[in-house]
Structures are given as C-alpha cells and as structure tokens.
Amino acid sequence: MTILCVRFQLPPTSEADLPHLLGMLEEFTPVVQALPPDGALADLRGAERYFGRDAVELASVIRVRSLALHGVDCVIGAGSGPMLARMALDDAAPGVTRAVPGEPDAIAEFLADKTVAALPGVGTATARTLGDYGLDTLGRVAAAPLSTLQRLIGAKAGRELREKANGIDRGRVVPNAVSPSLAAERPFGRDELDPDRHRRALLSAAEELGARLRALEKVCRTLTLTVRYADRSATTRSRTLTEPTAHSPALTRTAYGLYEALGLQRARVRAIALRAGGLDPADQASHQLTFDPVDEKVRRIEQVADRARAKFGPRAVMPGGLGGAAA
C-alpha cells in the first residue's frame, strides 16, 4: 500500500483551508494531487523508505498533524493504486485508516461485492447498462467475458473496466495545485430530508455562483456538487459543462442533474455545496447561438437583474423558487 486518499472533514465555508492542508501533505511527499473540494491523493513510495514507516503508519501521523496544526480531522483510505485508495476511502471511518492489502486475492475479495457504480470513473448510464444484464457487482464484471463487456459499453471502455474490476490499477498520482474555482455552500439548520428544500438550496447556490462569475467576468467549465450528510460523510460528483458558462439557468440545470443522479432516498443532508471549476475569462469563451428568442431574452433579463443586485443588494432580484425562502 503506497497511495493514500485523504478526505479532510472541513466545516462549512472553510474550503479555503485546503491549500494549507495540501502543504502539510507535501511535507511527507511532493507527489500530491488535489481532489477539490476537500480531498487529496498522496503517493508515499518515497516517503515509506525515507521515514521508515509504511503508508498506514504515515496516515496516522498525517491525521495527528492535521488535527494539531489545523484542527481538522480526516478520513483516509490506502491502497496500491489511486483507484483502490479512493474506494477504500468510501469504507473508512474517522480515526481508522481503511487499507486494502496488496495481495491479489485480498484485492479481489475487497472488490467482489462492490457495485459497479462504486468504481471511480463509472457513470450512472454505464452502471445502468451493465445492471440490465446482471453485471451489477465488480465480482460479476471481473468474471464476465471481455467480448461481452466490449459489446455492451465499447472496446476500450470494456477492456479498462474489466482490468479495474480485477484490481489492475494503472492510474497514478499527478501532482497539481488547487485549480482556480468558486464555491457556494448552503448548510441546513437541521438535518434535511425534504428533496424540495435540497433543490431550493441548489438553486440558491447556482444563482450565487452565476452572479459571482459574471461579476468577475469569468466562465466555468466544470461544476462539482458535494452533499454532506448527518453522519459526517459526503458524496461528491462533477460534470463538465457542454460549453463554458456563467449563465445561472445552465448552472442550475447541471446542478439538478448531478443531484438527481445521486438517487438519494430520504437522505439526512446537513449541507449542499456547489463549486465552479476550470475558470476562464468570459471574453475568450464561445457560446452556441440558437434561434430560440427565449434564450436571448433570459440572458438580457439576467444582465438587468445583475445591475439591480449590484445597486440594491443581492436579494433585490431572486428566482421565484426562492421567494419567501431564506436561502
């Protein structure tokens, strides 16, 4: 086990602390990859030799330093590659590092009962297609003929999926910095089960992000949704937009799509956050023109609303769905 996947349990509105926490990880290894909004991958192959400790022992030291220096606890998964480390993280609990042993039999046992959707990089559509043919667990995918998988999801995707289901992890940790981004978080006063309130929070956050992007004359290329639950766990999903945008309705549609794809069933949600990533100057972005006069009208109204908010405050103009709501 040489790769750690760390998720810092950052409190709401404290995502700005992530660069400092990444710096703390870099005291152990220079090979650190940020996973915004609250995580990172760390390759400890050199660190194990240098410190004379294995990855699990170093994970304990990292947790202590995170608490002592930053007051932030963390959840850690460990594995022989990034994929296994990220999947181990999903099974981890605060204070205990979930480690996947490196032996092939142990890896196969760990993966066997996992759902296909638990595999990083597998989307909802792919998982649904495989599930329709009874291939709903990684153990069944690993045992399926390669030709069957390739016929269902394509030659390259089928080959890569079968390799991953058999524990072959060809991924690597790519050092990077936290990409420029903007975030908007909506914590709830109590653990919230109502999907309508979840959607209202998404609408409010998307509206805020759109207004901030337009004020900065920026557009974003990706949108990331993070849902934090009552048990302190979290789910994060990202989506690349069809075109870079700062248009609030486009951000809202994408946010709703990410939320619906989670398929939450009476989940006790503590907070919802949206992050706009891959920021670029608005004057360098392209926009696909349409013959729909409604689209142009909505964009003109948005410009007028921005001017009104700049003059009279952020709540001067709001979507009807937020009327009367404290969002």
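Q: Are Glu 185 and Arg 228 buried or exposed?
A: The model is predicted: local features need pLDDT of at least 70, side-chain atom pairs count only at pLDDT 80 or more, and totals for chains, interfaces and linings use all residues. Residues are numbered from 1 along each chain as its sequence is written, and side-chain values use heavy atoms, with hydrogens and water left out. Buried means under 20% relative accessible area, exposed over 50%, and partly exposed in between (1.4 Å probe, protein chains only). Glu 185 and Arg 228 are both buried.

Q: How far apart in sequence are the parts that Glu 185 and Arg 228 tie together?
A: Glu 185 forms a salt bridge with Arg 228 (a side-chain nitrogen of Lys or Arg within 4 Å of a carboxyl oxygen of Asp or Glu). Strands (E, at least two residues) and helices (H or I, at least four) are DSSP runs, numbered from the N terminus. Glu 185 lies in strand 6 and Arg 228 in strand 7, so the pair ties together parts that are 43 residues apart in sequence.

Q: Which residue forms a salt bridge with Glu 260?
A: Glu 260 is partly exposed, with a relative accessible area of 48%. Its closest N and O atoms to the partner are 2.7 Å apart, and that partner is Arg 199.

Q: Which exposed residues does helix 5 carry on the face turned away from its buried side?
A: In helix 5, Ile 107, Phe 110 and Leu 111 are buried. Seen down the helix axis, the buried residues fall within an arc of 90° (directions from the axis to the C-beta atoms), so they line one face. The face turned away carries Asp 105 and Glu 109.
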